[in-house]
Amino acid sequence: MYQFFVEPEQIQDKTIVITGGDVNHIKNVLRMQPGDEIAVSNGVDGKEYRCGIAEFRDDQVICTLRFVKEDGLELPSRVYLFQGLPKADKMELIIQKAVELGAYQVIPVATKRSVVKLDTKKAKGKLARWQAIAEAAAKQSKRRIVPEVASVMTMREAVGYARNMQVKCIPYELAEGMAHTRELIESIEPGQEVAVFIGPEGGFEESEIQLAMEAGIIPVTMGKRILRTETAGFTMLSWIMYQLEGNA
């Protein structure tokens, strides 16, 4: 079942209008025909609008609503991944997999050890690219929303953004005790906001860990081995997904 995203205003009663690049994809790549069924989400309400293609226009695909599914496919807690800017194109992979694993939002963070430095012009182009990757991953994994990739924040801005979230952790190579990590993950309850801070290559500086701790962000260990920045994020999100969906 192919899935597409539309704006909420493109769903009116029994009629759903698809526009933009998806029109060409449906008509000329997938070669779909009137009567074929597709899934549509508005990226906001978490619902799947199952509809049939009614007709093709030059720049629109007109669909007729058949029924609405409310399966609760999203995690019961909103998980925010604060990712220290990594080298090269690793951020693209991180965003793709974070969306697949259920992250609600990905926040790129410019830390002291981040090698990548984005000026305003580069950041704008990167952000558009990253958001497109998030949308593609949401379609592939049948998400009902498109997670937002936020604008790049400084570490201080990121810590301030996470301050009021109920569960906050920051994997740190000097932290000890997997039992403490397990206890924190098992404490997550549905409806809570969860912040996960992941450092870039080279990790966080001690002053950044101190800044995080002052805001109630708890240093945790991820085991005896040092993980790459992309592996650390995937691991934490996987543990959290297992915990949340295991209790569903």
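## Strand β12 and its neighbours

Val 79 has Val 194, a residue of strand β12, as its bridge partner. This pairing belongs to a predicted model, in which strand β7 (residues 78–84) and β12 run parallel and are joined by 6 bridges.

## Aromatic pairs around Tyr 80

The structure holds 4 aromatic pairs. One of them is the edge-to-face pair of Tyr 80 and Tyr 104, with 5.6 Å centre to centre and 65 degrees between the planes. Because Tyr 80 lies in strand β7 and Tyr 104 in the loop between α2 (90–100) and β8 (105–110), the pair ties together parts that are 24 residues apart in sequence. Tyr 80 is buried, with a relative accessible area of 5%, whereas Tyr 104 counts as partly exposed at 26% relative accessibility.

Tyr 80 also forms an edge-to-face pair with Tyr 161, at 6.3 Å centre to centre and with 85 degrees between the planes. This pair links distant parts of the chain, since Tyr 80 is in strand β7 and Tyr 161 is in helix α4 (residues 155–162), 81 residues apart. Tyr 161 counts as partly exposed, at 35% relative accessibility.

## One aromatic cluster

Tyr 80, Tyr 104 and Tyr 161 are among the members of one aromatic cluster, which also includes Phe 82 and Phe 197.

Note on methods:
Residues are numbered from 1 along each chain as its sequence is written. This is a predicted model: local features need pLDDT of at least 70, side-chain atom pairs count only at pLDDT 80 or more; totals for chains, interfaces and linings use all residues. Side-chain values use heavy atoms; hydrogens and water are left out. Two strands pair if DSSP finds at least two bridges between them. Helices (H or I, at least four residues) and strands (E, at least two) are DSSP runs, numbered from the N terminus. Rings of Phe, Tyr and Trp (its six-membered ring) pair if their centres lie within 6.5 Å; planes under 30 degrees apart count as stacked, over 60 as edge-to-face and the rest as tilted. Buried means under 20% relative accessible area, exposed over 50%, partly exposed in between (1.4 Å probe, protein chains only).
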